[in-house]
Amino acid sequence: MRAAGKAFLPQFPNESDNSYKSRLGTAVLHPAFKRTVEVMASKPLAKAITLNDLSPRVLEMTENIDQEGRGIHAFASDLLIDCLSKGVSGVLVDFPRDGQTKTKAQEKASGARPYFVRYPPGTVLGWKTRRVAGVLQLVQLRLLECETVDDGDFGEKTIEQVRVLTPGAWQVYR
């Protein structure tokens, strides 16, 4: 705003150039949009999300829905904020596969389970669909991700990558 000067903060007709420069240098924007989105997002989620007719195992998953310690309520709140402020958000439900787990008992013992991954606006790069037997089906999804990798003995760096999902397979491009 300050760099744009008079385009966004017009000079008053009888205001001196020095007074205008002073006003421009101290002008701030009121965060009305951010506050409005936060208030609007909090209304539908004012009460805890109630889930009915779920198995105890699935109900337990909702307490840590993203495998990062966030419950379904906090996860839904971030989704709603994305949708209200940007108009879109994405969720991928993933399931880790190690190739070794063969039975349900082994799966349960390993702690493997489905989890949600939120893709904020701008990270869903594109998708392809095809009509199969008269039904429109998703055949490719492209997602922008950031991966943190080691950088030397003590450092870390973030690398952007694109994950391409197709039915039964996925690839990562860096």
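Two strands are taken to pair if DSSP finds at least two bridges between them, and helices (H or I, at least four residues) and strands (E, at least two) are DSSP runs, numbered from the N terminus. The model shown is predicted, and for this reason local features need pLDDT of at least 70 and side-chain atom pairs count only at pLDDT 80 or more, whereas totals for chains, interfaces and linings use all residues. Residues are numbered from 1 along each chain as its sequence is written, and side-chain values use heavy atoms, with hydrogens and water left out.

**View A. The hairpin of strands S3 and S4.** Strand S3, which covers residues 124-132, pairs in the antiparallel sense with strand S4, which covers residues 135-151, and eight bridges are found between them. Within this pairing, Thr129 stands opposite Leu138 of S4. Two residues separate the strands of the hairpin, and in its turn Ala133 has a positive phi of about 50°.

**View B. The hairpin of strands S4 and S5.** S4 also pairs in the antiparallel sense with strand S5 (residues 155-166), here over 11 bridges. Leu141 has Leu165 in S5 as its bridge partner. The hairpin formed by S4 and S5 has three residues between the strands, and Gly152 in the turn has a positive phi of about 80°.

View C. A salt bridge is defined as a side-chain nitrogen of Lys or Arg within 4 Å of a carboxyl oxygen of Asp or Glu, and the structure holds five of them. One of the salt bridges joins Arg163 to Glu145, with the closest N and O atoms 2.8 Å apart. Because Arg163 lies in strand S5 and Glu145 in strand S4, the pair ties together parts that are 18 residues apart in sequence. Both Arg163 and Glu145 are buried, where buried means under 20% relative accessible area, exposed over 50%, and partly exposed in between (1.4 Å probe, protein chains only).

**View D. The salt bridge between Asp82 and Arg118.** Asp82 and Arg118 form a salt bridge in which the closest N and O atoms are 2.5 Å apart. The pair links distant parts of the chain, since Asp82 belongs to helix H4 (residues 72-86) and Arg118 to strand S2 (residues 115-119), 36 residues apart. Asp82 counts as buried because its relative accessibility is 10%, whereas Arg118, with a relative accessible area of 29%, is partly exposed.

**View E. The network around Arg70.** Asp66, Arg70 and Asp78 are linked in a network of salt bridges. The side chains of Asp78 and Arg70 meet in a salt bridge with an N to O distance of 2.7 Å. Asp78 is partly exposed at 23% relative accessibility, and Arg70 is likewise partly exposed, with a relative accessible area of 26%.

**View F. A positive patch and a nonpolar patch.** Patches are made of residues with over 30% relative accessible area and no salt bridge, like charges being joined within 9 Å and nonpolar side chains (Val, Leu, Ile, Met, Phe, Trp, Tyr) within 5 Å. Lys and Arg count as positive and Asp and Glu as negative, while His and the chain ends are not counted; the place of a charge is taken as NZ of Lys, CZ of Arg, CG of Asp or CD of Glu. Accessible areas come from the Shrake-Rupley method with a 1.4 Å probe, and for residues only the protein chains shown count as cover. Arg57, Arg97, Lys104 and Lys108 form a positive surface patch, in which Lys104, a residue of helix H5 (residues 104-110), is exposed with a relative accessible area of 64%. A nonpolar surface patch consists of Ile49, Leu51, Leu54, Val58 and Leu59, which together have about 340 Å² of accessible area. Ile49 lies in the loop between helix H2 (32-42) and helix H3 (56-61) and is partly exposed, with a relative accessible area of 31%.

View G. Asp53, although not a glycine, has a positive phi of about 55°. Asp53 is found in the loop between H2 and H3 and counts as exposed, at 83% relative accessibility. Gln67, also a residue other than glycine, has a positive phi near 60°. Gln67 lies in the loop between H3 and H4 and counts as partly exposed, at 36% relative accessibility.
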